[in-house]
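Please look over the sequence and the model shown here before reading on.

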Amino acid sequence: MIPGSALAGLHGMLQCSKNPWRKSDCIVAVQIWKWNLMKKIVMMLLLTGMLTAGSVGRAIQVQGKKEMVLDGGRLGKVPFPHHTHQTVLDDCNRCHRLFPQTSGAIQQLISQKSLLARQVMNQCRNCHKEKVKSGEKAGPVKCTECHIKN
Ligand code: HEC
Ligand code: HEC
Ligand code: HEC
């Protein structure tokens, strides 16, 4: 008798009380049942452990500055509410696939000629345009709503 489930285990225990002469069978059945239960508990513990580790990892993620002012060239500076975007967008990489999560990353890549200011701007603007089109909350799309002269 090879019980694979908890039901089989219970069945085994019933047999133990009913048929005392098949005791060795019962003991094996109950032991397999207990072993399966243990495996399940260990799996559950591992799983919850992994989940907690995951959420702790997210909680200590470095979020960077709340508010920023980006260099918008001749049209003027561009104020950028960083944390607002982190809250509204589900994925950091909606922006950070263009540049890493370090201070001054944009200017550094631009000076290395591996990024254009225009690419950064288009990423902002295209997303706002898409959101406007789909009727969602969006940011500015007009030049002077992003660029402010000082
Ligand atoms: C809408 C665009 C956008 C999104 C989304 C975004 N960031 Fe950023 N992030 C920026 C910009 C722009 C910078 C400035 C880079 C520079 O200084 O050149 C930046 C810089 C940073 C920095 C560098 C430190 C600092 O404050 O300058 C960190 C850390 C960072 N981001 C973390 C994150 C994390 C974590 C997420 C997701 C939870 C995220 N960002 C989502 C645009 C974004
Ligand atoms: C992937 C989409 C996406 C990208 C990329 C993005 N934004 Fe936004 N932005 C939004 C959404 C959505 C809102 C509306 C947030 C709200 O009102 O809750 C917003 C709002 C704003 C606002 C208005 C905030 C307010 O409090 O009213 C500004 C300013 C802004 N974005 C600037 C920028 C700049 C500058 C960049 C590029 C560095 C950028 N955004 C990149 C989606 C985006
Ligand atoms: C959603 C915000 C946003 C809007 C709308 C926007 N810009 Fe920009 N613009 C930016 C950002 C962000 C940068 C680059 C910042 C950086 O390099 O860190 C930029 C950079 C620029 C630059 C510098 C380019 C370079 O090569 O140095 C110019 C010029 C410019 N914008 C003109 C415009 C004009 C013209 C419009 C209207 C058609 C416009 N922008 C609309 C955000 C915006």
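The notes below go from the overall fold to the surroundings of each ligand.

This is a predicted model, in which local features need pLDDT of at least 70 and side-chain atom pairs count only at pLDDT 80 or more, while totals for chains, interfaces and linings use all residues. Residues are numbered from 1 along each chain as its sequence is written, and chains are lettered from A and ligands numbered from 1 in the order in which they are written.

**Overall fold**
- The protein has 7 helices and 2 strands, where helices (H or I, at least four residues) and strands (E, at least two) are DSSP runs numbered from the N terminus.
- Read from the N terminus, the elements follow the order α-α-β-β-α-α-α-α-α.
- Of the 150 residues in the protein, 5% are buried, a term that requires 20 or more other C-beta atoms within 10 Å of the residue's own, with 12 or fewer counting as exposed, anything in between as partly exposed, and C-beta atoms placed from the backbone.
- Among contacts between residues at least 6 apart in sequence, 31% join residues at least 24 apart, a contact being two residues whose C-beta atoms, placed from the backbone, lie within 7 Å.

**Around ligand 1**
- Ligand 1 is surrounded by 24 residues, the closest being Gly-64, Lys-65, Cys-92, Cys-95 and Ile-106; a residue is near a molecule if its C-beta atom, placed from the backbone, lies within 6 Å of it.
- At least two residues of this shell come from each of β1 (67-70), α3, α4 and α5 (105-111).
- By class the shell holds 10 nonpolar, 12 polar and 2 charged residues, with Ala, Val, Leu, Ile, Met, Phe, Trp, Tyr, Cys and Pro counted as nonpolar, Asp, Glu, Lys and Arg as charged, and the others, Gly among them, as polar.

**Around ligand 2**
- Phe-80, Arg-94, Cys-124, Cys-127 and Gly-139 come nearest among the 20 residues around ligand 2.
- Two or more residues of this shell are given by each of β2 (78-81), α3 (82-88), α4 (93-96) and α6 (117-133), and α6 gives the most, with 6 residues.
- Cys-127, which lies in helix α6, counts as partly exposed because it has 17 C-beta neighbours inside 10 Å.

**Around ligand 3**
- Of the 22 residues around ligand 3, those that come nearest are Gly-73, Ala-117, Met-121, Cys-143 and Cys-146.
- The elements giving two or more residues to this shell are α6 and α7 (143-146), and α6 gives the most, with 7 residues.
- The shell around ligand 3 divides into 12 nonpolar, 5 polar and 5 charged residues.
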